[in-house]
Amino acid sequence: MVANTRALLGAATAVASIATVGSLYFSLGLGLVPCDLCWYQRILMYPLVVVIGVATLEGRPGVARTALPLSGVGLVVAAYHVAIQILPSSGGTCSVGGGCSSIVYPMLSGLLTIPRLSLVAFVLVSGLTAAAWVGDAETMLGGL
C-alpha cells in the first residue's frame with residue numbers, strides 16, 4: 001500500500017507546488033501586491049511543498065500530523081478571505097485599510113479569484129494528505 005500512499009502524497013505535493021509557483025507568478029510575474037490574508041495563506045502553503053514532498057519520498061503518511069494543521073488553518077484563512085470577497089459589506093477586513101475584499105485578478109469571468117484558487121488548493125492538499133493517512137491506518141488495521 002506504500003505505492004498508494006506515495007501517489008496521494010505526491011499529488012498533494014504537486015498541488016502545493018503549483019499553488020506556490022502560482023502565487024509567486026501573481027506577485028513577481030504580474031506585479032500584484034498580496035494583501036495580509038494572502039500573506040498568511042502563503043506562509044501556510046509554502047512549507048507544505050517541502051514537508052509533504054519529503055514524506056512522499058519516504059512513503060510516510062504520518063506527515064498528516066504536521067501537514068493537516070498547516071493546511072487546515074490555511075483552509076480556514078482562505079475560506080474567510082473568499083467570504084469577505086463575496087460579502088464585502090460584512091465588515092470583514094484583513095489589514096488597517098481593508099483591501100482584502102477587492103478582486104484584483106478575476107479569472108473565468110470572475111468565477112475564480114486568487115483566494116478561491118487558494119481555497120481549492122488547501123482543500124485538495126488537506127484531502128489528499130488525510131486520504132494517505134487514513135489509507136495507511138486501514139492497511140495497518142487490516143493486517144491485525
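In which helix is T13 found? T13 is found in helix α1, which spans residues 2-29. The structure is a predicted model, in which local features need pLDDT of at least 70 and side-chain atom pairs count only at pLDDT 80 or more, while totals for chains, interfaces and linings use all residues. Residues are numbered from 1 along each chain as its sequence is written, and side-chain values use heavy atoms, with hydrogens and water left out.

The protein chain contains 4 helices and 0 strands, and its pattern along the sequence reads α-α-α-α. Helices (H or I, at least four residues) and strands (E, at least two) are DSSP runs numbered from the N terminus. Of the 144 residues of the chain, 36% are buried. Here buried stands for under 20% relative accessible area, exposed for over 50%, and partly exposed for values in between, with a 1.4 Å probe and protein chains only. Among contacts (heavy atoms within 4.5 Å) with a separation of 6 or more, 75% join residues 24 or more positions apart.

Leaving aside residues up to four places away in sequence, T13 touches V49, I52, G53 and T56. The C-alpha atoms of T13 and I52 are separated by 5.7 Å, although the two residues lie 39 residues apart along the chain. I18 also belongs to helix α1, but I18 is exposed, at 63% relative accessibility. Between I18 and A121, which are 103 residues apart along the chain, the C-alpha separation is 8.7 Å.

Helix α2 (residues 36-58) packs with helix α3 (residues 64-86) at an angle of about 150 degrees, and their axes are 9 Å apart. Axes are lines fitted to C-alpha atoms, for helices over the stretch in contact, and angles between N-to-C directions run from 0 to 180 degrees. The two helices are therefore roughly antiparallel to each other; angles over 145 degrees count as roughly antiparallel, under 35 as roughly parallel, 65 to 115 as roughly perpendicular and the rest as oblique. The crossing of α2 past α3 is left-handed, a term used if the near helix is turned anticlockwise from the far one by less than a right angle, whereas clockwise gives a right-handed crossing.

On the α2 side, the contact is made by L37, C38, Y40, Q41, L44, P47, L48, V51 and I52. The α3 side contributes T66, A67, L70, S71, V73, G74, V77, A78, Y80, H81 and I84. The residues of this contact comprise 15 nonpolar, 5 polar and no charged. In this division Ala, Val, Leu, Ile, Met, Phe, Trp, Tyr, Cys and Pro count as nonpolar, Asp, Glu, Lys and Arg as charged, and the others, Gly among them, as polar.

A83 is also placed in helix α3 and is partly exposed, with a relative accessible area of 35%. The C-alpha atoms of A83 and P115, 32 residues apart along the chain, are 9.5 Å from each other.

A search of the whole structure finds 1 salt bridge, defined as a side-chain nitrogen of Lys or Arg within 4 Å of a carboxyl oxygen of Asp or Glu. E58 forms a salt bridge with R60, and the closest N and O atoms are 2.8 Å apart. E58 is partly exposed at 47% relative accessibility, and R60 is partly exposed with a relative accessible area of 36%.
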